[in-house]
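Please keep the sequence and the model in view while reading.

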Amino acid sequence: MRIAVSAGHNVYINNVFDPGAVRYPYVEADLNKETVKLLIPMLERQGHTVLDVTPYNQHFKSSREHHVVRCNKADEFKADIFIDVHHNAGGGTGSEILVYSTKSPSYERARKILNHLHGATGLRNRGVLVKPAFWSVSLCKAPAMITEGGFVDSNIDMKALTPLKYAESIAKAFGPVERREDQLRTISMNLHGTDIDAEGMMLNGTNYIPVRFLENMGYEVDWKDGKVVINYRR
């Protein structure tokens, strides 16, 4: 299959960065980006051709404008399906997926993703919702979906859902997910007396935690000129 993917938000609108939903230390745009980064190689190892259509850090005058760009790229790519990755907010809990119609080929695929998300996280399955007015599903010729993996403002959701679990749940709806030794995984750890699950990797029998973990400790992590830049978030 030809699969177009998008990390929701991650653009500037009227010179202001659009982070999506935010509840410290969780920023939706970052979570979406991390999920897509993990998802693409999973799909490619399944034999699919994948394109990230996110216009990262580009400037737009309106929200609709960047959705048009994403959908145009997906259609130019002749995508068989378009997946716009998001996280929810607003006081709820659980996972849901938005589609244009129950007759869309994306509908059954969305149901599979939700089943995998529920199995991986135990979070409530809020169902596949028909929302034809939403730009990501209405502006594309390709069958499209907006995945809402969990609620950024829910401690329950954010503890249960990681970008790795999110990416794997989406990928499993398209084929078996191959686990490699150096692939990111969930590592249970204790931080200052609190048990948490962090994303890391097993390499040569040793667990490693990537620098992204520092974001949960109040640091800003970025890359500049090939170097990791770490600053304390003020």
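Strands, as the word is used here, are DSSP runs of E with at least two residues, and they are numbered from the N terminus. By that count, isoleucine 81 is found in strand 8, an element to which this report returns several times. The model is a predicted one.

**The chain as a whole**

The chain holds 6 helices and 16 strands. Of its 234 residues, 46% count as buried, and its accessible surface comes to about 11900 Å², of which 50% belongs to carbon and sulfur atoms. Among the contacts between residues at least 6 apart in sequence, 66% join residues at least 24 apart.

**The sheet and the helices on it**

An open sheet is built from 6 strands in the order 6-1-8-11-9-10, and its pairing is mixed. Strand 6 (49-52) and strand 10 (125-130) stand at the edges, and because each has a single partner strand, one side of each is left without a neighbour in the sheet. From one strand to the next, the twist averages 20°. Helix 2 packs on this sheet, where it touches strand 1, strand 6 and strand 8, and its direction makes about 145° with that of strand 8. Helix 3 also packs on the sheet, touching strand 8, strand 9, strand 10 and strand 11, with a direction at about 170° to that of strand 9.

**Strand 8 and its partners**

Which strands pair with strand 8 (residues 81-88), and through how many bridges? Strand 1 (residues 2-7) runs parallel to strand 8 and is joined to it by 5 bridges, while strand 11 (residues 144-151), also parallel to strand 8, is joined to it by 6 bridges.

**The nonpolar cores**

The largest nonpolar core has 33 residues, and those with the most contacts inside it are Val5, Leu43, Ile83, Ile113, Met145, Ile170 and Phe174. Two or more residues come from each of strand 1, helix 1 (28-45), strand 8, strand 9 (95-99), helix 3 (105-121) and helix 6 (163-172). Helix 1 gives the most, with 6 residues. A second, separate core of 13 residues includes Ala4, Ala74, Phe77 and Val137.

Valine 5 shows what such a position looks like in detail: leaving aside its neighbours within four places in sequence, valine 5 is in contact with residues including Val36, Leu39, Ile40 and Leu43, and also with Phe82 and Ile83.

| Residue | Relative accessibility | Class |
|---|---|---|
| Isoleucine 81 | 3% | buried |
| Histidine 67 | 13% | buried |
| Threonine 102 | 47% | partly exposed |

Isoleucine 81 counts as buried because its relative accessible area of 3% falls under the 20% cut-off. Not counting residues up to four places away in sequence, isoleucine 81 touches Met1, Arg2, Ile3, Ala4, Ser106, Arg109, Pro143, Met145 and Phe174. The C-alpha atoms of isoleucine 81 and alanine 142 are separated by 5.6 Å, although these residues are 61 apart along the chain.

Histidine 67 is found in helix 2 (residues 63-76), and its side chain reaches the backbone oxygen of serine 63 at 2.8 Å. Beyond the residues up to four places away in sequence, histidine 67 touches Asp84, Trp135, Ser136 and Leu139.

Threonine 102 lies in the loop between strand 9 and helix 3. Its contacts, leaving aside neighbours within four places in sequence, are with Tyr107 and Val130. The C-alpha atoms of threonine 102 and valine 128, which are 26 residues apart along the chain, are separated by 8.7 Å.

Note on methods. Residues numbered from 1 in each chain as written. Predicted model: local features only at pLDDT ≥ 70, side-chain atom pairs only at ≥ 80, totals over all residues. Heavy atoms only, no water. Helix = DSSP H or I, 4+ residues; strand = E, 2+ residues; numbered from the N terminus. Buried < 20%, exposed > 50% of the residue type's maximum accessible area, 1.4 Å probe, protein only. Contact = heavy atoms within 4.5 Å. Areas by Shrake-Rupley, 256 points an atom, 1.4 Å probe, with all protein chains shown as cover. Polar contact = N/O pair within 3.5 Å; in protein donor to acceptor, adjacent residues only side chain to side chain. Pairing = 2+ DSSP bridges. Core = buried A, V, L, I, M, F, W, Y, C linked by side-chain atoms within 4.5 Å. Axes fitted to C-alpha atoms, helices over the stretch in contact; angles between N-to-C directions.
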